[in-house]
Amino acid sequence: RPSTTPSSERARRSTASSFVGALAAALAAPSAACVSKALRRRHRAGVFAGGMVAYLVGSASPLWMAAHAETGLPQQLAAHAQQLAADRMLLPACVASFIAGCLVTRFTSPTPPSPAAPDDPSSRADRAPRWINKMLLTTNGASIVYALTAAGVMDQLPLPGEPGLAASAIAFRCARLREGVADVLERLLRSLARLGVLEELRSPEAEREGGGDGEGGFGGGGCAAVFRHTEDSQELRRASPWNTRELALILLSPAHVRSWWRIQDAITCRGADTEPFRIEHAGKGVFEYYADPANYEESSMFNELMVQLSDSADVYDAGKSGAELIAQLPLWAHAARRGGTPPPGCEAGAAATVVDVGGGLGSVLAEVLSQHTTLQGILFDRPEVLDSSNLVKALRGELADRVALVGGSFLGADAALPRDGQIYILKWILHDWSDVACGAILSNLWAAMATAAQRGAGAPPRLLVLEQGASSAACA
C-alpha cells in the first residue's frame, strides 16, 4: 500500500534501522564464538543460548546474516543435534534442530526489497530501457529487415568473418536502389547492427571500397562504417539453407503487417468482416488475396515456402524432411498392402487412393507415392495453385500417371472435394482458419468420405490430420 509516513519520519526510522543492523553485525563474532566453543565442549546450555542469540540477532539484521553466510554455523548446530539424538537427548536435539532450521531459512531466503514510494521519481529512473522502447525497436527493426531483404541488400552483405562493406559499396551493387541512397542505407544498416541483426565494423579501407567518395563515413581519421552478416542474418540471403528469407518476405510484407494494425477495427467495428486481413483488403481473405493475378509474385513465394517447409530437413529434429517423416508413417504400408486383409475402403487387390486436400505444389503427396508405389494420388487445391503446380510431373516423372490434379474449394456450398479416396490428408490447413471455418471444412470432408465409403468395400476412409503444435501425426 502507498506509504503515508512523512519523509522525515522515514529518514529517522532508516537511521535507527541502520544503527540496529550495525550493532547486530558487531555481535556476530561473539555469538558465533559462543556457539563454536560450546560445541567443542559439548555444553548443551551454551549451544542453546548461543543459537537463540544467533537466531534473534540474525532475524533483526540482514547484515548479521551476510557476515555469517560462510561460517557454517547452521551446519554445526545440525551436526550437534544429530549427536544429541544419538545420545537419546531427544528434547535438546529437537531444540537444536529447530534453531538450525531457522538459521538456514534466514540464510537462504532473500530479503525482499522494500517497494519505493509511488511518488518517488527514482523508482522509475532505473527501468531504462523501458519495455515499450524495446517493443518499438523490434517493430522498427522488422520493417527494416523486410525492406533490405526485398531490395536485395541482404544478398550483397559479406558473410560472417569476411571483410565488411561500406553502405556506398552495397548501394552500388544493388540495382533496385535509387541513386544517392547510401546515407539512408547506412542509417538502416546501423539500426540493425544495434539490434544485433548485423555486425558493424570500422575500417580505414571502407572509403576506397566504396569508391573514395566517403559516403557513409564516420568522419574523422578517414574511418568509415562497414557492415557484414551475423550467423543469423546470413539466412536472409537467397538460396540460404533454410527458409528465413521467405518467412521474412511473406510475414513482414505490407499485405500482412498492415492487417495487424486492423485489429482495433476487428474488435470494435460492427460490419460484416471481423477478420483484420479482410478489413484491410476489402473483404478478401488470405487465399483470395493470393488468388488475385495482381498478387501472383506473393502467391508463388507462399507456395514455395510451403514446399520448403515440407522438404527441408532443418525444420524437425529427426534429420529428415516433413514429407519424408509423413511418408514413413505405418498408415501407408497398410494402405498399400495387396492380398490378405484389404486396405481401408478398398477391395482386395485394388490400389488405395490418397487425397491431399490443400496440398499446394504436391511435395508431400509426391514423397508418399514415391515411397509406396502401389498407391494412387489426387492433389486437391485452388485452380490457380494447380496451374503452377508442375512439381509432381517434374519431380520423378513416373508419378505423372498416378496423380490426378483436381481444382476446387473445401469451403462454402460449392465445395467439391474428391469422393473416391481411401486416405485424406489435411496438412497445416486447420490452423489457418477460424473455428467456424474449421467446422465447415471437416463437415465437407465428412460428406466426401461418406460417399467414398458407400462406393468402396471394407473399412471407411481415414483422415490424416497434421498440425502445428502436435507432438505426432493425428490419425482418425
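This is a friendly dialogue about reading features of a predicted model.

Biologist: I am new to this structure. How many helices and strands does the protein chain have?

Modeller: Welcome! The protein chain has 24 helices and 8 strands. Please keep in mind that the model is predicted.

Biologist: What share of the residues is buried?

Modeller: A residue counts as buried when its relative accessible area is under 20%. In the protein chain, 38% of the 476 residues are buried. As for the surface, the chain exposes about 26,600 Å², and carbon and sulfur atoms supply 57% of that area.

Biologist: And what share of the contacts joins residues 24 or more positions apart?

Modeller: Among contacts with a separation of 6 or more, 62% are between residues 24 or more positions apart.

Biologist: Let us look at a pair of helices. At roughly what angle do the axes of H13 and H18 cross?

Modeller: Helix H13 covers residues 244–251 and helix H18 covers residues 296–311; their axes come within 10 Å and cross at roughly 140 degrees. The crossing of H13 and H18 is left-handed.

Biologist: Which residues make the contact?

Modeller: From H13 come Glu-246, Leu-247, Leu-249 and Ile-250, and from H18 come Met-301, Phe-302, Leu-305 and Gln-308.

Biologist: How many residues of helix H21 are buried?

Modeller: Helix H21, residues 363–371, is mostly covered, with 7 of its 9 residues buried. The buried residues are Ser-363, Val-364, Leu-365, Ala-366, Glu-367, Val-368 and Leu-369.

Biologist: Now a charged side chain. Is Arg-402 buried or exposed?

Modeller: Arg-402 counts as buried, because its relative accessibility is 13% and the cut-off is under 20%. Arg-402 sits in the loop between helix H23 (391–394) and strand E5 (403–407).

Biologist: Which backbone oxygens lie 2.9 Å from the side chain of Arg-402?

Modeller: One is the backbone oxygen of Leu-369, which lies 2.9 Å from a polar atom of the Arg-402 side chain. Another is the backbone oxygen of Leu-375, also reached by the Arg-402 side chain at 2.9 Å. Beyond its neighbours within four places in sequence, Arg-402 is in contact with Leu-369, His-372, Thr-373, Thr-374, Leu-375, Gln-376 and Gly-377.

Biologist: Which side chain does Ser-233 meet in a polar contact?

Modeller: The side chain of Ser-233 makes a polar contact of 2.8 Å with the side chain of His-229. Ser-233 is in the loop between strand E2 (224–229) and H13, and is buried with a relative accessible area of 2%. Leaving aside neighbours within four places, Ser-233 is in contact with Val-197 and Leu-198.

Biologist: How do I read a positive phi?

Modeller: Look at which residue has it, and where. Ala-282 is not a glycine, yet has a positive phi of about 55 degrees. Ala-282 lies in the loop between helix H16 (276–280) and helix H17 (286–291), and is exposed with a relative accessible area of 77%. Trp-428, likewise not a glycine, has a positive phi near 55 degrees. Trp-428 is in the loop between strand E6 (423–427) and helix H24 (435–455), and counts as buried at 14% relative accessibility.

Biologist: Which residues does Glu-467 touch?

Modeller: Not counting residues up to four places away, Glu-467 touches Trp-428, Ile-429, Leu-430 and His-431. The side chain of Glu-467 reaches the backbone nitrogen of Leu-430 at 2.8 Å, and a polar contact of 2.9 Å joins the side chains of Glu-467 and His-431. Glu-467 itself lies in the loop between strand E7 (462–466) and strand E8 (474–475).

Note on methods. Residues are numbered from 1 along each chain as its sequence is written. This is a predicted model: local features need pLDDT of at least 70, side-chain atom pairs count only at pLDDT 80 or more; totals for chains, interfaces and linings use all residues. Side-chain values use heavy atoms; hydrogens and water are left out. Axes are lines fitted to C-alpha atoms, for helices over the stretch in contact, and angles run from 0 to 180 degrees between N-to-C directions. Helices (H or I, at least four residues) and strands (E, at least two) are DSSP runs, numbered from the N terminus. A crossing is left-handed if the near helix is turned anticlockwise from the far one by less than a right angle, and right-handed if clockwise. Contact means heavy atoms within 4.5 Å. Buried means under 20% relative accessible area, exposed over 50%, partly exposed in between (1.4 Å probe, protein chains only). A polar contact is a pair of N or O atoms within 3.5 Å; within protein, one must be able to donate a hydrogen and the other to accept it, and residues adjacent in sequence count only if both atoms are side-chain atoms. Accessible areas come from the Shrake-Rupley method with a 1.4 Å probe; for residues, only the protein chains shown count as cover.
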